[in-house]
Amino acid sequence: MEEMRTAPRDGDREEKMRREVREFVQAYPDVKPADIDAAVWQAVGRGETLTAAYRTRQAQRLQEENDRLRRQLEAEEQNRENRRTSLGSQRSSGEERGHDPFLDAFLSD
């Protein structure tokens, strides 16, 4: 009797898994199971569908990449601004000056 009660549940669970896999393959035909990271499988284990868990992880990855690129762009803009406002070389303003007689006398000894 117990077997009869659990059999439909196992069958339902298998059918649900097949349905989720079909849905995933339709949405992401080029993704192989090996390409799916552990975070997605953990979410599936918590009850999310494979497609929803993968979509959520992809959104997280895109946000992380967006944040990384934004920080990189901000750093480049800050560097460009620093170069623009920099005084440049402290040694010379670019003009050629004559010799300093004091230094010439001092260095010739």
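What share of contacts in the protein between residues at least 6 apart in sequence join residues at least 24 apart? The share is 38%, where contact means heavy atoms within 4.5 Å. This is a predicted model: local features need pLDDT of at least 70, side-chain atom pairs count only at pLDDT 80 or more, and totals for chains, interfaces and linings use all residues. Residues are numbered from 1 along each chain as its sequence is written, and side-chain values use heavy atoms, with hydrogens and water left out.

**Fold**
- The protein has 4 helices and 0 strands, taken as DSSP runs numbered from the N terminus (helices: H or I, at least four residues; strands: E, at least two).
- The order from the N terminus is α-α-α-α.

**Helix α3**
- Helix α3 covers residues 50–85, 36 residues in total.
- Buried residues in α3 are Leu50, Thr51, Ala53, Tyr54 and Arg57 (under 20% relative accessible area, 1.4 Å probe, protein chains only).

**Surface**
- Of the 109 residues, 11% count as buried.
- The protein exposes about 9900 Å² (Shrake-Rupley method, 1.4 Å probe; for residues, only the protein chains shown count as cover).
- Carbon and sulfur atoms supply 52% of that area.

**Helix α4**
- Leu103 sits in helix α4, residues 101–108.
- Leu103 is partly exposed, at 43% relative accessible area (partly exposed runs between buried, under 20%, and exposed, over 50%).
- Phe102, Leu103, Phe106 and Leu107 form a nonpolar surface patch with about 510 Å² of accessible area together.
- Such patch residues have over 30% relative accessible area and no salt bridge, and nonpolar side chains (Val, Leu, Ile, Met, Phe, Trp, Tyr) are joined within 5 Å.
- A salt bridge is a side-chain nitrogen of Lys or Arg within 4 Å of a carboxyl oxygen of Asp or Glu.

Notes. Patch = residues over 30% accessible without salt bridge, like charges linked within 9 Å, V, L, I, M, F, W, Y side chains within 5 Å. Expected span 1.5 Å × (residues − 1).
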